[in-house]
Amino acid sequence: MDAIGTALSGIRAATLRLDVSANNIANTNSTGPTPASANQSGAQVYQPLSVQQSPLQNGGVSAQVVRSDKPAVPTYDPASPYADAQDMIASPDVDIVSEMIDQLTAKLTYDANLSVMKTADEMQQSLIRRWA
């Protein structure tokens, strides 16, 4: 894979990481019934997502969205329609600080890969001008 292709795969992965983190933050307050409660509505608590990245043999990275295996956090909320007999509901286990760090890392990764693409393009243009 060439430098532009490698950088492009990094940009795609960084964009996916930013999207997933934003989705997790947006659903921080999405609650549901606790697993132990009798739930006739079929509602479930939001399951946080993460991005799993792996290197490609010819350069670059592959990224895919996976559900987090973190269990929901029991939260006291007697006013919720999802409250069980102990007035507990389930909340997603989303750490806002970690999500903000993930967003910042994704932005910096995006910017670094964009710089690689620009530099590779400038080098190719210089080579073309030299041979033209």
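Keep in mind that the model is predicted.

Start with helix α1, which covers residues 3–26. Look at Ser 9, which lies in that helix. Is Ser 9 buried or exposed? Its relative accessibility is 8%, so Ser 9 counts as buried, because buried means under 20%. What does Ser 9 touch, leaving out residues up to four places away in sequence? Gly 60 and Val 61.

Now the strands. β1 runs over residues 49–55, and β2 over residues 61–67. They pair in the antiparallel sense, over seven bridges. Take one partner pair: Ser 50 bridges to Val 66 in β2. The two strands form a hairpin, with five residues between them. In the turn sits Gly 59, with a positive phi of about 105°.

Stay in β2 for Val 65. Val 65 is partly exposed, at 40% relative accessible area. Set aside neighbours within four places in sequence, and Val 65 is in contact with Leu 16, Val 20, Leu 49 and Ser 50.

Next, helix α2, residues 96–131. How far apart are its end C-alpha atoms? They are 53 Å apart. At 1.5 Å a residue, its 36 residues should span 52 Å, so the two values agree. The buried residues of α2 are Glu 99, Gln 103, Ala 106, Asn 113 and Ala 120. Where do they pack? Against α1.

One last distance. Val 65 and Asn 113 are 48 residues apart along the chain. Their C-alpha atoms are separated by 20 Å.

How values were computed. Residues are numbered from 1 along each chain as its sequence is written. This is a predicted model: local features need pLDDT of at least 70, side-chain atom pairs count only at pLDDT 80 or more; totals for chains, interfaces and linings use all residues. Side-chain values use heavy atoms; hydrogens and water are left out. Helices (H or I, at least four residues) and strands (E, at least two) are DSSP runs, numbered from the N terminus. Buried means under 20% relative accessible area, exposed over 50%, partly exposed in between (1.4 Å probe, protein chains only). Contact means heavy atoms within 4.5 Å. The expected span of a helix is 1.5 Å times one less than its number of residues. Two strands pair if DSSP finds at least two bridges between them.
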